[in-house]
Every structure is written in structure tokens, then in C-alpha cells.
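Let's walk through this structure together, one region at a time. Please keep the viewer open as you read.

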Amino acid sequence: MGISFFQQLFLIIILPLFCIAIVPAKSQCLQDQELLLLHFKNSLKFDSSLSTKLVSWNQTTDCCHWNGVTCNTAGYVIGLDLNRESISGEMDSSSSLFSLQFLQSLNLGFNNFNLVKIPAGLSNLASLTFLNLSNSGFAGQIPVDLSRLTRLVTLDLSALNFPLSPTLLLQNPNLAMLVQNMTELTQLYLDGVNISAQGYDWCQAISSSLPNLGVLSMSNCYLSGPIDSSLAKLRSLSVIRLDQNNLSSPVPQLLADFKNLTALRLASCNLKGVFPAKIFELPALQTLDVSYNGVLHGSLPEFSHDSPLQTLVLSYTNFTGALSYSFGNLGMVRWLDLSHCNFSGPIPNSMEYLVKLVYLDLSSNRFTGPIPSFQMFENLIHIDLSRNSLSGQVPSSSFEGLQSLACINLNHNSLTGSIPSSPFALASLRRIELSDNHFSGRLAEIRNASFSLLNALDLSGNNLEGPVPKSFFKLTRLTILLLSFNNLTDTIPLESFKRLVNLTNLDLSYNTLSIDTSERKSSLSSLPNIHILKLASCKLQSFPNMRNNSRLFHLDLSDNQIGGEIPNWLWELGNADTGTLSYLNVSHNWLVSLQEPYITPNLAVLDLHSNQLQGEIPITPYGAAYVDFSNNHFSSSIPADIGNNLAYASFFSVSNNNLIGVIPVSLCNASYLQVLDMSNNRFSGTIPSCLIELSQSLGVLNLGKNNLHGNISQTFPGSCSLRTLELNGNHLEGKIPESLANCTMLEVLNLGNNTLNDTFPCFLRNSSSLRVLALRFNNLHGGIQCGGFANSWPNLQIIDLASNYFTGDLPPNYFLSWRGMMAGKYDVPSKLNNLRFEFMKLSNLYYQDTVTVSNKGVEMELVKILTIFTSIDFSSNFFEGGIPDTIGELKSLYVLDLSQNALTGSIPRSIGNLKQLGSLDLSLNKISGTIPTELASLTFLSFLNLSYNQMAGKIPISVQFLTFTESSFEGNKGLCGPQLNIGCDSDKTAGSSAPTIEQKHSHPNAEVNWDYISAVLGYVVGLGVIVMPLVYSERWRDWYYKYADQVVFGILHQQEQARRHHGRRVHGSSSGN
């Protein structure tokens, strides 16, 4: 189609005129302006190699054309942008800058003025509408002179605020004085300025002076809350940023009335209460960040189809509930972070509509069900669904086509099936983290591995099997490779790693791998950047050659077969300028000595436990946090000054050695100790009183099974933090310190096997955390009835008063207080845990409590005290009277031993309520009456001893009772039944006589090879797979105890007979006489 005449006329005549009209007039710099700029330049220090503007200023060109300079048509400088010009030094009020009277815009952001004050001369620039001094290195009080800049529209004095670094202050003058005349201001940025104002004050200062304010940015300004209602007057607000202020108040409802609000950032403000749901519905809101407010509650609303949200960050809050299907209406969202909340339920399928997502983090919630498909998320860079309860298989198609994806994190879920192969084919992928799931099967080879950009691969904690793919050793950009805790089977020569030169973290521990170091050239020198090396349980038979690994700071070679001596070059690892070895674990090997001479570096962690090391105890590294020399054959004394090297230690253990001498007083210098374990040695002397005083920081003090004597110090401090105190198996005497009542967090108290001479410790009645009380084999005496004992020890699960001189009746009210023994069988699984003390929590370290109990007539050491294990042992005392009927309330009781006392009356029928009872010993008392038929219903009962009492009548008939032998009932002349080979219509009586008075309370500890028993049980029923069925299934328990205890009984029978017929002391007449 041709052009008309009038169109041609327009193009020829009118358009050129129009173009001439819109060409700006060329400005020419005035000479005085040029001189002022050059003078200003010459007064500054700047790095010419980094400068892009100042470095080019010279008189050969018009100053209005200099980089960063803007002039008006008259040649006056109206704009100066020197942002990021590496300016340093000072700038005072005499600077020629302040003579540029027509200046309207000044940007000096991101420079370094060496912490000088903002020059007051800026107030001379009365025409300024834009002032940016952000991150420019100014510090100190903001001058009041700036309040004269009444034409300002934008003011930016923000700065990053680092702890202990100087900052800008706005206190005198305060915020109100600064902004009182800036009525034209629409944007205010004071982030990082120390304002230190209360909520009413700073809100009033802004709302009364800045009616046109649209952007309010005052993060990390030491502001307090609550947000005052006066802020509601600022109807033009579009951006509110108040992060990192201790507002310590609810989110005000008034924020939902700002219809122009596009961004609301209130992260780390200590917000409380319920988040107003209407804020989610603001029609213009694009950014919402209320993260890191741990006590802020809320839930997500039903989102509308036109939601403008682009960034939603709720991480580290207490938002709860499920994600509804309407979540898919957030079609504009690009950044979504709901991590570390309490969301639950499945991830909705509508998530697939969030096709603009770039960043997705739903980690550390309680999401369940399968993971959604991400095929439509073409822009997605980051996926983190870790630490949830997601399950099912991960289809390989879920990640196909995500060409921008850089990170996948599915750690700590319950995902099954094989590892999906599609992520490994993504060209942009940098990190794959799939640890702690239930993935199984063999690992597939990676195509084109040498071209992969992958730098982190974590597949640890799964059920993967087969060899390590050869292609893994071609991932040349790998810095992190974690394959530990799988079922991988392979023999890997050290030389296989020679191409992984960028590797900094390698963990192959706890598989069925064999790392071959036998080759002459085997060396880790091909990994010059290795920082963390974990080869635990890799069948190593010698130390790999690591002499040249100067960057190594974490080395774990535990659970291997390394024998001989620890080479002295090992202590010299990592002594380059980049750092020193700080973590060394060679525990559970066959090491016998340390090569001399050696100098231990300043290790943070040194773990040599469970070897065969002998001779003198090693030198303790100075400044160490964790030192474990336990379970060896060290036989020296401990150096007197050892505590000086443990000044910062949290854990120190030398247990299970042959150490001698006294406990050094210098250990009291280790004021940060949380665990001190010196048990099972041959230490002598007394307990240093300062160690007791150290219990204000100590959580565990274990000096058990030594040769210590003297009294226990009475000086437990008022701020005692002890959770575990074990002094058993010594020669301690005197009284139990009443100051132990100060240890209100005490969970385990074991003073057994000493010669303490005192009464029952009623002063501990308020120790509500107490779980284990062991006072066996002492000279304690008197009654155990305490006044005001109601509701005492509600968490108690083990109490052992055996072999003392306690007298009187058993207090019925005690058994109503010990709620830790009252859980029903359906409560047991939820309590399946070990009693232990956690310390250095960031490192997941804990101390495992142990205690010796009597079970089925034999003493055994519980290395892991399950919180489901409950036991009452009052045997070998002088208790009398009847067995309280209230004992039937302890429905989760496993072991009850009241043997070798002078108890009378009949067996209470309420014992039939103890459905978890596995061991019952009432022997050697004066109990009369018949055996309650209710006992026959205790299907968990696998050990029963009612011998040598005064019971009569028929032994109840049941399948369970038929498993008990004559020894369970002998010495009761009136009993009859097949177990005694006495018919109930016969006049015959049992022929066995009761033990003598001297024999009843004098029996040695039974010595039992529990490892052997475990091996036999494992052979019969598979010890490794019976624990959970026993806890969850009563039918399994019945079957297990019927057969497994026959094996145990065969091993223990002779020792049990010997124990029962040997006495320790005399008290009263025997039953049946």
C-alpha cells in the first residue's frame, strides 16, 4: 500500500521539526564548576585501578561530559554520582564539594571514608533532592545540620552493621529532629543506623513530619516496639522494611490497611502472636518476609487467582497447617521459602502451577506424601525439601528439562526406590544432596562425568549397594563426596582419587568398602585440597600416606584394623599456613603405642578410645574441646598439671584403663568441662572438693569403680548443673551430702557399692528430674518414709536400694508418685530412647549413661539405659509389713525385686496389673497365703522367684507358669503343683530347707559374660531384629521370652543357685521356720 500525500508531507516537513525540538541543548561546563570539581578530586584518595569516573576527570574535555557528572543547560553541576569509586580518607566541611550550590543529586555510596563523621557542610547544598551516603564508611553522630536539606525527596544513610564495629548514630539529635523539616521526603533509608528509639517515638517522628513517605527502610536500627497506630497516617507507604529490630510485639492489624504496600519485611523482629491473615490479601503486595520470628504463629489463607506475591519468606516461624490447593494460585511467585516452620500434610499437586519459581525451600517441616513433579519449572535454580517426612519413590522424570537447576536437597526424608538418574544429566547442576533416606539398589554410572559441573554429592545414610561407580572418580569439579552409612561393597585403591584434585570433603565411612593402601605409590597427596577425610570402618590396616596433605584439619580413621604405633608424622598434618589439624579420631583400632617423639598439635578433638594403647597417658593437646582416652591399657598416673591443657575442654574421659595415683586438683581449672569420666581405674585418695564445686558447669561426673576413699564433699553449689553423678564402686564413707538437693537437674545418681552410713536421702524429694537412684551395697539405715513426698520423683524409672539396712514398711504413696513407671503398654514405643547427656550440641555428641541393675537374679550393666526400662530393687534389707496394693499402679514396671527382707502378708492381686513385668523376685521373705491367679496372666514374665516364703495352696496353672522350675517355688512347705512334683491332694511337703540366716543377705556379684549371652540369643532368635517387635507386639514378646529365656536360664542357672545360697549378713529369721 502506498504512502499518501499528507503522510509524505508529514515525513518531509513536520517530523524533522519535531526531532529538532526534542534534542536537548548541549550544556557547556562553567569554569568555576570545573575548578570546584577538580579541586574536589584532588582532595580525595582513591584507587585509580578501580576507579571508572574520577580517574578520567581532566581539563581536556568539558566537565559536563565527565563520568558521573550531570549539568543543567546553564552549565551548572546538578548531579554527582561517585558510587563505588574506591574513595578513602576523610572529607571535611571545607571541601569544594559544598560550593556546588546547584547540586540536586549526590551519590557517594559504597566508598570508605574511614569512619569519620558525616560533614556538616552537606547542609550548604540546599538544592539537594537526592542524597546517598550508603555504605560509605561514615560513623558517629549524624549532624543536625542535615535537617536543613528541606527539599530532599530521597535520603539514604544506610550501612551494613557488623557487631562491635562503629556505626552511625541518630540519638542527639534524634530521628524527630533530623526529619522535622523534610516534608518532601518520599524515600528514607536508615538501615544500620543506631537510632535506639521506642515504638511510639519513632513512629510519631515519621508520621508527623513525612506525610508523603512511600519507602520506609530502617532495618537493624535498635528500634523497639510496638509499631504505633500513628503510622497508619502514611497512606502512601509502599515499602516497609524493619528487619532485625527487637519490636517484641504482635504484627499490628493496621498493616493490612496499606493498600499501596508492595513490600513488607519484618524478619528477625521477635514478633509474637498471630500474623494477620488479611496482609496476604493486600492487592499490591509482592514481597512478604517475616522470617526468623520463632514465636510468630499463623497459617496460610486461601489465595486468590490474581495474587501479586512474588517473594514469600516465612522461614523459622511457627506457621502451621496444610498447604491448600489454592497455593497453586501464587502464579507470580519466584522466591518461596517456608523452611523451618510447622507445616504438615502433603505438598499439593497445584504446586505445579508455580511455573515462575526460581527458589523453593520447604525444608524442616512435617510434609508427608510424595514429592511433586518439577517438570514445568523451567526457571528453577534451587530445590530444598529436606528434613520432612516425604515418602515414596522419586520418578526420574521429576527433574527432566530443568536446565537452570543448580541445587537439589532431599536429605532426611523417607524416600525409597533407586536414585533418580535425571539430575545427573542436568548441565547446570552443582549440588545433589539425598542423604538419610531409604534409597536402595545400585548406583548407575554417570554419562559424560568429566564434563559435569557437579561439586557436591551427598548420598550418605541410605541402603545403597554394589560398587562405587567408576564415573564418580571422573567428576573433576567435586569438592564434596559423601557416601557413608550405606551398603556399598568395593575395594578402592587410593590411586582412584587422583583426578579429584578439588576434593575438600571425602566421607566413605561405614560401608563394606575396603580402602587399599597396600600399593607402594598409594598416597593421598593427589588430593592437595582435602580438608575433611572420613574413612571410618573401611578395613584399613595401616595409616594411608598423608604426609603432604597440608590443608587437612579433620581426620577420622576410626573402626578400622590399624595396628602398631601411631606415627609421629600424623601430628604434623596440616601445619601449613592454611590451618592445622584440629580433629583426629583413630578410636576402635588395634593401636598399641605412640611413636616417640611426638608433639600433639592444638587439636580441638582427640579421640583414641577403644584401642590397646598402653604405658603413660598421652600428652593432652592444649585448648582441646574433646579428649577421649578411654578403653585402653594406660597404666600411669595422670600428670599433675593436666587441667591446664584442658582449660577449654567440654569432654574428658580416661575411663576403663589401669590409671593409678590421685585425681589431680588441676582438673578444676577446666572450668568449661561438661563431662568428666574417670571411672573404672585404680585411682586412690580423696575426691578433690573443687571438682564438686565445678558442678556448676559439669553435666556428668563419673568417678565410679576406683579406690577413692573419704567423705563426699558437702559443697555442691546452688547453681549445680549435674545431670549424672556416679561415685559407685569406691570406698566412700560418711553421709550423703544434703547440698545434692541443689542439683535440681540431676537425672542419674549412683552412689552404690560404697560404705556410706546415713539415712534415706529425703532431702532429694524435690529433684523432679531424677530417673535413676542407685544406693545399693552401703550401710544406709532407717525407714524410707519421708514427709511431704507426694508427687516426688515423677520421672523415676530405676530405684535400687538393695543390700542396705533399711527398715520399716514400704510407703504406699511412693508408688503413686513414680509416674515414669506407670505408662501403659501402648505408651512404650513413644518412650524408646536412651538416657544420655548431650553436650557440644552442634557436633551431635552425647555421653551415654550406664548403671548396674539386678535382673532375673543376676547383676548386669546397662550400657544404654532405655527410658522404657524400669526397675525397683529393695532386696537384702529389713523391710517388713505387707507389699502395698498401690504397687499395681506401676503398669510399665519391668523388674521388681523385694527378696531377702521380712515382708509379711499375701501377694497383692494388683501385681496382676503389671503387664510389662518381666522379672519378679519375692523370695526369702515371710509372705503367706496363696499365689494369686492374676500372676498367671503376666505373659511377659520370664523370671519368677517366690521361694522360701510361707505360701500354701495350688500353684496357678498356665502356659507361662509351666515354664518355671522347682527353684521358683521351693521352700514353701504348703505349695503344691507339678513344678514341685507334689500333687495338691498329697500331704507331702517340699523337702528343701530355707537358707540359713547367715546366708540370706550375703552373696557375691555374679560374673556373667553378657557378650556370650547376646551371641547365643542372636543365634537363636536374631538379636538384631527383635527389639522393635518386643516393644510393639505383645505376641512377639510372649514367644521371645518363652524360648529365649530358656537359653539365658541355661547359662545363668548355676550362678543363680550359688547366689541364692550365699549370704552377706544376718537379719531376722528365715521364711518357713
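**A guided tour of the chain**

Cysteine 976 counts as buried, because its relative accessibility is 9%. Its partner is cysteine 984, joined to cysteine 976 by a disulfide with an S to S distance of 2.2 Å. Cysteine 984 has a relative accessibility of 40%, so it counts as partly exposed. The link of cysteine 976 and cysteine 984 is right-handed, with 105° about the S-S bond.

Before going further, a word on confidence. This is a predicted model, and the mean pLDDT of the chain is 85, with 84% of its residues at 70 or more. Two stretches call for care. Over residues 1-25 pLDDT stays under 50, and the model has five contacts beyond four places in sequence for them. Where pLDDT is low, the predicted coordinates should not be read in detail.

Back to the sulfur atoms. How many disulfides does a search of the whole structure find? The search finds six. Counting the bonded cysteines along the chain, the disulfides follow the pattern 1-2, 3-4, 5-6, 7-8, 9-10, 11-12. A disulfide is a covalent bond between the sulfur atoms of two cysteines.

One of these links is formed by cysteine 64 and cysteine 71, whose sulfur atoms are 2.1 Å apart. Is this link left-handed or right-handed? With -95° about the S-S bond, the link of cysteine 64 and cysteine 71 is left-handed. Cysteine 64 has a relative accessible area of 10%, so it is buried. Cysteine 71 counts as buried too, because its relative accessibility is 14%.

Another disulfide is that of cysteine 668 and cysteine 690, with their sulfur atoms 1.9 Å apart. The link of cysteine 668 and cysteine 690 has 70° about the S-S bond and is right-handed. This pair links distant parts of the chain, 22 residues apart: cysteine 668 lies in the loop between strand E43 (651-653) and strand E44 (675-677), while cysteine 690 belongs to helix H6 (residues 689-693). Cysteine 668 counts as buried, because its relative accessibility is 17%.

Cysteine 221 is at 0% relative accessibility and so counts as buried. Cysteine 269 is likewise at 0%, so it counts as buried.

Now turn to the helices, starting with helix H2 (residues 31-42). At 1.5 Å a residue, the twelve residues of H2 should span 16 Å, and its end C-alpha atoms are 17 Å apart, which agrees. Which residues of H2 are buried? They are Gln33, Glu34, Leu36, Leu37, Leu38, Phe40 and Lys41. An α-helix has 3.6 residues a turn, so residues three or four places apart point the same way. What do the buried residues of H2 pack against? Their packing partners are strand E1 (45-46), strand E2 (69-71) and strand E3 (77-81).

Helix H4 (residues 199-209) has its own buried set: Gly199, Trp202, Cys203, Ala205, Ile206, Ser207 and Ser209. These buried residues of H4 pack against helix H3 (175-179) and strand E11 (215-217).

The strands come next. Strands of a sheet pair through backbone hydrogen bonds, either parallel or antiparallel. Strand E27 (residues 440-442) pairs with E29 in the parallel sense over three bridges, and arginine 442 stands opposite glutamate 465 in E29. E29 also pairs with strand E31 (residues 487-493), in the parallel sense and over two bridges. In E31, asparagine 487 is the bridge partner of glutamate 465.

Further along, four strands form an open sheet with parallel pairing, in the order E52-E54-E60-E62. Its edge strands are strand E52 (781-782) and strand E62 (902-903), each of which pairs on one side only. Strand E54 (residues 805-808) and strand E60 (residues 878-881) run parallel and are joined by two bridges. Which residue of E60 stands opposite glycine 808? Phenylalanine 879 in E60 does.

Conventions
Residues numbered from 1 in each chain as written. Predicted model: local features only at pLDDT ≥ 70, side-chain atom pairs only at ≥ 80, totals over all residues. Heavy atoms only, no water. pLDDT = per-residue confidence, 0-100. Contact = heavy atoms within 4.5 Å. Pairing = 2+ DSSP bridges. Disulfide = S-S within 2.5 Å. Buried < 20%, exposed > 50% of the residue type's maximum accessible area, 1.4 Å probe, protein only. Expected span 1.5 Å × (residues − 1).
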